[in-house]
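Open your viewer and get ready to select residues by number. This tour tells you what to pick next and what is there.

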Amino acid sequence: MSARRGVTILGSTGSIGRNTVELVEASPELYRVEALVANSRVDILADQVRRLKPRVAVVADESAYPALKEALAGTGTEVAAGAAAVADAADLPAEWVMASIVGAAGLAPTLRAIRRGATIGLANKEVLVCAGSLVMAEIETHGATLVPVDSEHSAIFQVLDTRQRDQVEKIILTASGGPFRTKDRAYMANVTPEQAVAHPNWSMGAKISVDSASMFNKGLEMIEAYHLFGMPEEQIDVVVHPQSVVHSLVAYRDGSVLAQLGSPDMRTPISLALGWPNRIPAPVPRLDLAAIATLTFEAPDPERFPALRLAREAMRAGSSVTAVLNAANEVAVAAFLGRRIGFLDIARVVEKTIDGVNHRDLGSIEDVLAQDQAARRHAESVIGQL
């Protein structure tokens, strides 16, 4: 890179955002920061602003604006708040944008960055789960570049030969299995939010950790892979790999299976996206296969983890259903974290919402958002009944 690349981080105070900040801060000769965007964590955001000196700092939660304004007085960074300000931040002239706002809230700002042709580091899988066909069409129209940040999709991105797509037999997403991989449903019926967020390998936010425990995370990743790589549902597979060293694989017609391996550290896929099309140094533990000694694999259990079945059914049914699945899961996970429902109720809420919502063609982003809201209302109703 001959000039400093402009960077905007949407979701800078989450786990992905904090890792991105660390990598950007480590290479000031490569990057300048246009904007940092958070939901409400003023303390973390203000510290990041002092370190990176962005042009703009934004909080989505308008009630947090006075505290951020006070914290950043005299820094020279412009302060703003609200959903419109978040989307406006994505419009600033940064060549590279990290899209790591969790959930459907990340859709509008990500689209704004796509429509000006930016390179997007996509860590928000819900953008494609909710509106994959529309988003991929916008990328083609505006010449944007999408580099996946999920470790599984980053792995496939690196080993999928796009020139020989017709030679691919299947893509295989690996799953750690989460904290309940060996537990039965009777045990899972009584687990607490603290147990569900205690992931054995990865350090992630609460919502993503619960999704990993239920395997909804893998279901959402299947849908994301469908859009990212143009593979039909029947050519997307999942294998449980507890060590989280093989991040995903691509199987070809000649029997070759190519995999990407690395230590379970999100700074590796983030650095790939941040430096793309180059590679930049990342301060991650180097993989020592001799020390690991054993890598194991097993098939996921569809009875204990119905999320994969629901995701496949939604994928086959179309984008309206995948949008409903995503919204219902977000609402159900929030209810579980708030101790309003049990862990196994998450899948029940999702399935009942899919069955109970009227499905429609999603021809615009407005249609997507309307379907999202309808699904959220129905999911809340189902939770009330439970």
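**Stop 1: a salt bridge across the chain**

Select Arg267: this residue is buried, with a relative accessible area of 15%. Buried means under 20% relative accessible area, exposed means over 50%, and partly exposed lies in between (1.4 Å probe, protein chains only). Accessible areas come from the Shrake-Rupley method with a 1.4 Å probe, and for residues only the protein chains shown count as cover.

This is a predicted model: local features need pLDDT of at least 70, side-chain atom pairs count only at pLDDT 80 or more, and totals for chains, interfaces and linings use all residues. Residues are numbered from 1 along each chain as its sequence is written, and side-chain values use heavy atoms, with hydrogens and water left out.

Glu22 forms a salt bridge with Arg267, and the closest N and O atoms are 2.8 Å apart. The two residues link distant parts of the chain: Glu22 is in helix H1 (residues 15–26), Arg267 is in helix H12 (residues 267–275), and they are 245 residues apart. Helices (H or I, at least four residues) and strands (E, at least two) are DSSP runs, numbered from the N terminus. Glu22 is partly exposed, at 32% relative accessible area.

A salt bridge here is a side-chain nitrogen of Lys or Arg within 4 Å of a carboxyl oxygen of Asp or Glu. By this rule, the count comes to 29 salt bridges.

**Stop 2**

Select Lys125 and Asp150. They form a salt bridge, with the closest N and O atoms 3.2 Å apart. Lys125 lies in the loop between strand E6 (119–122) and helix H6 (126–142), and Asp150 in the loop between strand E7 (145–148) and helix H7 (151–159), so the pair ties together parts that are 25 residues apart in sequence. Are these two buried or exposed? Both Lys125 and Asp150 are buried.

Next, go to helix H16 (residues 345–356). Arg348 and Asp345 are three residues apart there, about one helical turn. Their side chains meet in a salt bridge (2.7 Å, N to O). Arg348 is partly exposed at 38% relative accessible area, whereas Asp345 is buried at 15%. Then select Arg32, Glu34, Arg55 and Glu95: salt bridges that share partners join them into one network.

**Stop 3: an open sheet**

Show the strands as a cartoon. Four strands form an open sheet in the order E9-E8-E10-E11, with mixed pairing. Which strands stand at the edges? They are E9 (236–240) and E11 (257–261), each with a single partner strand, so one side of each is left without a neighbour in the sheet. Two strands pair if DSSP finds at least two bridges between them.

Zoom in on E10 (residues 246–252) and E11. They pair in the antiparallel sense over five bridges. Val250 stands opposite Leu258, and the bridge partner of Ala251 is Val257. E10 and E11 form a hairpin with four residues between them, and Gly255 in the turn has a positive phi of about 95°.

**Stop 4: a nonpolar patch**

Finish at the loop between helix H13 (289–292) and helix H14 (307–317), where you find Leu295. Leu295 counts as partly exposed, at 30% relative accessibility. Now show the surface and select Leu261, Leu287, Leu289, Ile292, Leu295 and Phe297. They form a nonpolar patch on the surface, with about 450 Å² of accessible area together. Patches are made of residues with over 30% relative accessible area and no salt bridge; like charges are joined within 9 Å, and nonpolar side chains (Val, Leu, Ile, Met, Phe, Trp, Tyr) within 5 Å.
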